[in-house]
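Here are some notes to read alongside the structure, written for someone meeting it for the first time. Keep the view open and turn to each place as it comes up.

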Amino acid sequence: MSNAGSDVARRFGAGERVAVMTTQPLDRILTYKAPEGGCVQGDYVEAPLGPRKVLGVIWGPGETGFDAAKLRAVNKVLDVAPMRGEMADFLTRVGDYTITPMNHMLRLATRAPGLMDPPSMRKVLRATGFRPNRLTDARAKVIAAMDDNPGAAFTQTELAGLADVSGSVVKGLVKLGALREEDAPRDMPYPFLDPLKPGKTLTEDQGVAARQLTDAVKSGRYGTTLLRGVTGSGKTEVYMEAVAACLRKGRQALVLLPEIALTSEFLKRVEERFGARPAEWHSGVTMTERRRCWRMIGEGEAQLVVGARSALFLPFRDLGLIIVDEEHDNSYKQEDGVLYSARDMAVLRASIVDAQVVLASATPSLETWANCEAGKYKRIELTSRYGPAVLPDMRAIDMRTEDLPSNSWISPTLKSAITARIAKGEQSLLFINRRGYAPVTICRACGHQVGCDHCDARMVEHRFQKRLVCHQCGETKPMPEVCPDCEVEGKMAPVGPGVERLAEEVTTSFPDARIAVLSSDLFGSARALKAEIERIAAGEADIIIGTQLVAKGHNFPHLTLVGVIDADLGLQGSDLRAAERSFQLIRQVAGRAGRSEARGTALLQTFQPEHPVIRAILSGDEEKFWRAEAGERHHAGVPPYGRLAGIVISSPDVQAAFDLGSDMARRDGPLRDIGAQVFGPAPAPIARVRGRHRVRLLIKAEKSAPIQAAIRKWLTQFPVKGDLRIQVDIDPQSFY
């Protein structure tokens with residue numbers, strides 16, 4: 001391995017041999033000659049590979065021992081900031097931990113379009129100082145906007161938006177000579193965030209928490225802190241003070257959010273706090289903005305980045321703070337490509353660059369709770385809601401005693417509570433963690449359940465789309481009039497409720513109510529989803545019906561009632577995290593209620609009110625729940641008190657997948673050497689996805705066991721050929 005992770009970047013003269021790590025699916029680093037003008041270790045380069053030009057990084061000195069005449073030269077060094085030594089170290093260590101080839105890691109770290117293109121230009125407008133004699137109101141607004149931003153340059157679209165006028169008004173001022181058009185680089189630095197601007201007044205316990213976090217940031221040393229606070233306790237305002245402290249030191253900060261829909265509200269809060277918007281990085285950002293973000297972060301021209309989990313792999317110049325908001329959220333685990341936990345890798349990255357990590361949650365993951373108990377992480381508690389808000393009243397509705405028709409899911413008790421809220425002008429939220437209209441479509445003549453043609457999964461009816469949808473591969477088909485199996489007509493029926501079917505029942509029960517449905521399937525863009533959330537927050541809905549999307553940090557000030565339709569849904573199954581996830585999800589959903597002056601109520605419809613998880617939710621004794629859950633996991637030797645690795649073998653040929661799985665289970669010597677056990681092979685719970693049959697093995701080991709090294713040694717015995725694929729998931733979060 002080269003010394004790409006060291007602090008001193010080595011320089012190579014023109015024609016010297018250099019090792020280039022590319023993003024191509026190759027099992028080795030390639031050797032080239034340095035280009036004319038030379039290069040530095042860490043430089044991003046364009047290199048020839050066959051007839052193509054590929055992206056790569058100078059990783060160190062090239063191989064010797066063969067004729068240099070055979071070598072091709074690197075085409076050019078790209079006009080972007082070189083990869084820093086700590087970034088190379090981070091990618092190497094994540095690759096080692098997750099057993100991922102380095103070319104995949106480099107691809108993850110260069111997911112910005114046009115990096116090999118020369119910097120592009122765009123037209124911007126500046127004020128000339130000339131004032132036309134006669135100004136319309138619209139033109140005066142443009143002049144005023146320029147006066148408010150002396151020396152600033154804007155595109156025509158930006159300026160028209162800032163002044164709230166049409167583009168033709170701006171064009172008119174260019175013709176009159178009040179504005180001058182000039183060329184400027186498209187990738188401009190982000191506006192300055194002022195860390196000296198005062199934030200909101202904090203309560204006493206918020207102030208204590210903020211001081212602890214800011215002191216940690218000022219230390220310039222690594223540390224991880226759990227910021228645990230009940231929903232609505234002001235965790236964001238507290239960690240915003242840590243961000244301010246980081247910016248005052250001249251270091252960069254990163255805030256990770258679990259859901260794109262949360263970014264709109266969060267960006268407004270950042271703008272209010274620091275006077276400008278930060279850089280954004282998530283799938284809803286345009287390709288142009290992605291390239292700008294990537295480049296400016298590397299040049300230190302972006303102080304704060306707000307993004308999804310992949311923002312962790314951006315080329316920060318001096319990262320001093322990482323906030324992982326809602327750290328317990330499952331979406332921080334990447335489930336395809338490079339399989340990593342952003343929460344865990346945030347801790348790794350911070351440890352490399354002497355940064356602080358803040359893990360914020362009302363319902364922390366058991367892993368984080370255990371690290372606090374072991375003294376690895378510090379813990380700060382916020383125990384009361386901010387301002388006049390108080391925690392909601394939590395009660396169970398025992399569905400065994402409710403008189404409910406067979407085609408209904410909202411109990412009379414819950415309906416009565418909703419009616420009372422509508423009468424007072426307050427909002428109600430009905431939560432069900434199932435997308436679509438119905439999870440199963442069954443033939444009442446023969447019992448056939450409609451499944452996906454490419455996966456072993458039932459298709460979900462989406463009545464708004466008039467289609468059946470596979471939630472594994474995305475395949476859709478029209479709703480069948482005739483049973484695909486027995487060919488009897490008119491006997492296809494939906495079974496069970498989804499969010500759309502619940503909306504249908506609500507419309508019938510409350511015909512005059514304004515209804516909003518929040519489900520990721522129903523919005524074509526992140527912008528449309530953000531707009532709907534803002535509309536709800538403004539009070540433009542009486543009843544909100546949503547999936548787990550509604551549990552993620554939204555603030556609906558008019559919401560005073562939360563009804564959980566099926567509180568038992570996540571309590572069954574073999575998933576070792578089932579109880580933890582149910583507890584977190586229902587507590588988070590319930591926390592949406594009563595975030596303003598009016599006290600909130602959360603009602604849980606359950607057939608198992610005596611279940612330990614339901615009782616823990618109702619009692620609010622979270623520590624008791626975590627201690628009991630930790631005791632069970634410790635006894636079983638599973639995370640966070642043991643190690644697990646999932647192996648998924650896939651192939652179009654089911655027998656080939658099972659044969660390889662059986663062979664791997666037999667030849668498990670390297671795993672037995674570290675005391676690990678192999679379970680399987682067995683069909684995966686969803687045994688076929690996109691036409692590929694899936695076979696699982698599970699590896700279990702003690703916490704201190706060197707599981708990655710053993711798995712690497714084990715896998716070398718099984719060269720994968722043809723259509724077979726092996727996927728390794730260290731610390732799996734799901735077992736589908």
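This is a predicted model: local features need pLDDT of at least 70, side-chain atom pairs count only at pLDDT 80 or more; totals for chains, interfaces and linings use all residues.

Two strands count as paired if DSSP finds at least two bridges between them.

1. **A hairpin to start with.** β29 and β30 form a hairpin with two residues between the strands. Their pairing is antiparallel and is made over seven bridges. If you want a spot to check by eye, find Q677, which stands opposite K700 in β30. Then look at R690, which takes a positive phi near 55° in this hairpin. Most residues other than glycine have a negative phi, and most peptide bonds are trans.

2. **The other partner of β30.** Strand β30 (residues 692–702) is also joined to β28, by 10 bridges, and these two strands run antiparallel. Which residue of β30 is the bridge partner of I647? That partner is L697.

3. **Two cis peptide bonds.** The bond from P639 to P640 is cis, with omega near 5°. You will find P640 in the loop between α17 (622–636) and β28 (642–651). Another cis peptide bond joins G680 and P681, with omega about 10°. P681 sits within a strand, namely β29 (residues 677–689), which takes you back to the hairpin of β29 and β30.

4. **A positive phi in a loop.** E326 is not a glycine, yet its phi is positive, at about 50°. Where does E326 lie? Look in the loop between β14 (319–325) and α10 (342–353).

5. **A parallel sheet of six strands.** This open sheet has the order β17-β27-β26-β18-β25-β24, and its pairing is parallel. At the edges stand β17 (393–398) and β24 (515–518); each has a single partner strand, so one side of each is left without a neighbour in the sheet. From one strand to the next, the twist averages 20°.

6. **Inside that sheet, and on it.** Strand β18 (residues 427–431) and strand β26 (residues 559–564) run parallel and are joined by five bridges. L429 has V562 in β26 as its bridge partner. Helix α15 (residues 578–590) lies across β17, β18, β26 and β27 (601–606), and runs at about 150° to β26. Helix α16 (residues 612–619) also packs on the sheet, where it touches β17 and β27; its direction makes about 145° with that of β17.

7. **An antiparallel sheet of three strands.** Here the order is β20-β21-β22, in an open sheet with antiparallel pairing. The edge strands β20 (460–462) and β22 (476–478) each pair on one side only. The twist averages 35° from one strand to the next. Between β20 and strand β21 (residues 467–469) there are three bridges, in the antiparallel sense.

8. **A pair of helices.** Two packed helices are described by the angle between their axes and the distance between the axes. For helix α3 (residues 137–148) and helix α5 (residues 167–176), the angle is about 75° and the axes are 10 Å apart. That makes α3 roughly perpendicular to α5, because angles from 65 to 115 degrees count as roughly perpendicular. The residues that meet are A138, R139, V142 and I143 in α3, and V169, V170, G172, L173 and L176 in α5. By class, this contact of α3 with α5 has seven nonpolar, one polar and one charged residues.

9. **The chain as a whole.** The protein chain has 20 helices and 31 strands. Its C-alpha trace spans about 85 × 80 × 55 Å along the principal axes. How does the radius of gyration of the protein chain fit that of a compact globule, and what are the values? With 736 residues, a compact globule would have a radius of gyration near 27 Å; the protein chain has 28 Å, which agrees.

10. The pLDDT of the protein chain averages 88, and 94% of the residues score at least 70. Over residues 1–6, the pLDDT is below 50. That stretch has 17 contacts in the model beyond near neighbours in sequence.

Conventions:
Residues are numbered from 1 along each chain as its sequence is written. Side-chain values use heavy atoms; hydrogens and water are left out. Axes are lines fitted to C-alpha atoms, for helices over the stretch in contact, and angles run from 0 to 180 degrees between N-to-C directions. Helices (H or I, at least four residues) and strands (E, at least two) are DSSP runs, numbered from the N terminus. Angles under 35 degrees count as roughly parallel, over 145 as roughly antiparallel, 65 to 115 as roughly perpendicular and the rest as oblique. Contact means heavy atoms within 4.5 Å. Ala, Val, Leu, Ile, Met, Phe, Trp, Tyr, Cys and Pro count as nonpolar, Asp, Glu, Lys and Arg as charged, and the others, Gly among them, as polar. pLDDT is the predictor's confidence in each residue, from 0 to 100. The radius of gyration is taken over C-alpha atoms; the globule rule is 2.2 Å times the number of residues to the power 0.38.
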